[in-house]
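This briefing is meant for someone meeting the structure for the first time. Please look over the sequence and the model before reading the points below.

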Amino acid sequence: MKVLCRGLALLIIASLAFDNMQVSYAASQEINRVSLIGKYDSADTCTVRSVDTENKQIKFRNHATGKGYTLNYDNTSFIYDQYGRALSASLIEAGEVVDVRFLKSTRHLTYMQVSDAAWTSNNVTSFNLIANEDGIVKINGQNYKMDRSALVIDDGELVSPESILQIDTITVKGIDKDIYSVVVNNGHGYLSLSSDNVDNVSLVGSWIELDNSVIRKVTPNMLLSVAEGEYKLHILGNGADYTEKIEVSSNHETVVDTSKIEIAKPKEGLVTFNVTPSYAQVFVDGVEKLTGIPESIVYGYHSLKVMADGYVTQNKYLKVGTPNSVLDIELERDSTASSTEATSSAATVATSKKTAEKDQSSDSASKASTTKKIKDVSGNSKTTTTDGVDSNGYVTGYYINILGPVGSAVYFNGNYVGIAPVKIKKKVGVHAITIDESGTVNSYTIEIDSEKSNVNLTFPTRKPAEKSSDSSSTSSTSSSAASSASSADSASSASSAASASTSDSADSSSSASSEGSTSDSGSTATTQSAAESTTSSNADTTDGSGSSSSENTSSTGNTSSDDVSDSATTGICN
């Protein structure tokens, strides 16, 4: 009996001891778990590079240094929006400006909140992301500072500002006057024709129209940069009158199958020009027409120029679509002319308000900024002059040399100019250069000054792209990237495009680890532009030393839907 009682007593004591051990272990675990919450040894205001919800990792870029790092998050990481409301990590978008706290030793994210000091500009279409020598860019007409530490993202990939065209739509975030990130919401693709000839009839010189947003002449082997979206395509002229629905995807080339186009005998309409003053001259496609009596003109779009001494010249589009029509045109007096000679000069270079005043102001701004941006080989600033620049903006006797990638097709403002290396007549202003390298298409923006010097440009080599097609078009994938730095000509300075790489390397001061990305490099003398800028372009000629040439063509720019009538009538539009 005593033995039994003693055994029961030992069993009770052991049970109590085991229960105490469980409580102590649980308490210890609870203490250890709680100790991780809210603990941090580093803090930062940075930009979100990407969010990996599968591996529960977030990549950041420190704005002050331009260096990147990665943090791990879990259910002990507290994430909030700018109003302090709890937020899932999956809802954090690339480019977001955030305040973070973390344990540097374990790379554990303790706390993250969308910065309440940050501002956001959504759906921005008015911008110039090419910084001047002071790092100043323009967003919606306002000046901001942007350096290479800012994130620039297109379709989830890091790009440089030069690869974003003004036809793109972007979201910009920053703090005070500093831009932290630029994200492309609606990018651009490319449009080309499968052939310039249909039934032995050339389409060169006919007009291509996309929902009235893009109207321009067809040029040999043209390649247009177009904002992504769906369009009603219309090709009119040279016997063609073709319409179809197309879709342009970001960073893809859409090829229009011209074998579907039927060529009809050209229709002609009689157009009578009644012009004030009566002695004014009327030119249609460069050919002078009589006034006051009917003139036979082929149906379709034509370039129209009306000029007279003492009056502002009008440059417009003429659309002929009826058998008989009368156009009344009244020129505006040139109030700025002080003499017959001055009046004649002004009338020669003046253009219509809607089509060219924007270009003139853009060119003027380009020339002014170039004085600061362009530097010679030694780093000494040059003085920009306008001597030797003709009325079309060409610097007489000087060229833009596209040196590479060797063997790639080169397009200047959408017009094919040859195979690299190729040289183009130097034209002052902002231009789009498109490089087609074995099916990989990329666009870049450059700013050209009026100095009497050649410009050498070399662009990066890209990997071949996969191709896909559907019933109406063929698409080839392209990637947005910035051009590589150019080198100066032996007798002059060069306008250089920006480096294609961006920085996401480790930040030793406030970052947890290195992400192994390439480093940023500076850029000079490049300026953002729409691929279809509203400019008139003469022949982009090349020399005979391994280069090619294109015929004289006129490149016309974007026109709003208010400017062009889609009905079968005859009229003029700016």
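The model is predicted, and its secondary structure comes to three helices and 40 strands. Of the 574 residues of the protein, 49% count as buried, and the protein exposes about 26500 Å², of which carbon and sulfur atoms supply 49%. Among contacts between residues at least 6 apart in sequence, 63% join residues that are at least 24 apart.

- Four strands in the order β33-β32-β35-β36 form an open sheet, and their pairing is antiparallel.
- Because β33 (415-419) and β36 each have a single partner strand, they stand at the edges of this sheet, and one side of each is left without a neighbour in the sheet.
- From one strand to the next, the twist averages 25°.
- Strand β35 (residues 429-437) runs antiparallel to β36 and is joined to β36 by nine bridges.
- Within this pairing, T434 stands opposite S443 in β36, and the side chains of T434 and S443 are also joined by a polar contact of 3.2 Å.
- S443, which lies in strand β36 (residues 440-448), makes a further polar contact through its side chain with the side chain of S225, at 3.3 Å.
- Is S443 buried or exposed? Its relative accessible area is 2%, which is under the 20% cut-off, so S443 counts as buried.

**The three-stranded sheet**

- An open sheet of three strands has the order β34-β31-β37, and here the pairing is mixed.
- The edges are taken by β34 (422-427) and β37 (455-458), each of which has a single partner strand, so that one side of each is left without a neighbour in the sheet.
- Ignoring direction, neighbouring strands of this sheet are turned by 30° against each other on average.
- Strand β31 (residues 394-404) pairs with β37 in the parallel sense over four bridges, and the bridge partner of I400 in β37 is V455.

**The β18-β19 hairpin**

- β18 and β19 form a hairpin with three residues between them, and D211 in the turn has a positive phi of about 50°.
- Four bridges join strand β18 (residues 207-210) to β19, and the two strands run antiparallel; in β19, I215 is the bridge partner of E209.
- In a regular strand the side chains alternate between the two faces of the sheet.
- Which residues of strand β19 (residues 214-217) lie on each face? V214 and R216 are on one side, while I215 and K217 are on the other, and all of these are buried, leaving both faces of the strand covered.

- Q281 is found in strand β25 (residues 281-284).
- Leaving aside neighbours within four places in sequence, Q281 is in contact with E288, K305, V306 and M307.
- With E288, the contact includes a polar one, in which the side chain of Q281 meets the side chain of E288 at 3.3 Å.
- Q281 and A308 are 27 residues apart in sequence, and their C-alpha atoms are 6.3 Å apart in space.

**Aromatic rings**

- The count of aromatic pairs in the model comes to nine.
- F60, Y69 and F102 together form one aromatic cluster.

Terms used: Residues numbered from 1 in each chain as written. Predicted model: local features only at pLDDT ≥ 70, side-chain atom pairs only at ≥ 80, totals over all residues. Heavy atoms only, no water. Buried < 20%, exposed > 50% of the residue type's maximum accessible area, 1.4 Å probe, protein only. Polar contact = N/O pair within 3.5 Å; in protein donor to acceptor, adjacent residues only side chain to side chain. Contact = heavy atoms within 4.5 Å. Areas by Shrake-Rupley, 256 points an atom, 1.4 Å probe, with all protein chains shown as cover. Pairing = 2+ DSSP bridges. Axes fitted to C-alpha atoms, helices over the stretch in contact; angles between N-to-C directions. Phe/Tyr/Trp six-rings, centres within 6.5 Å; stacked < 30°, edge-to-face > 60°.
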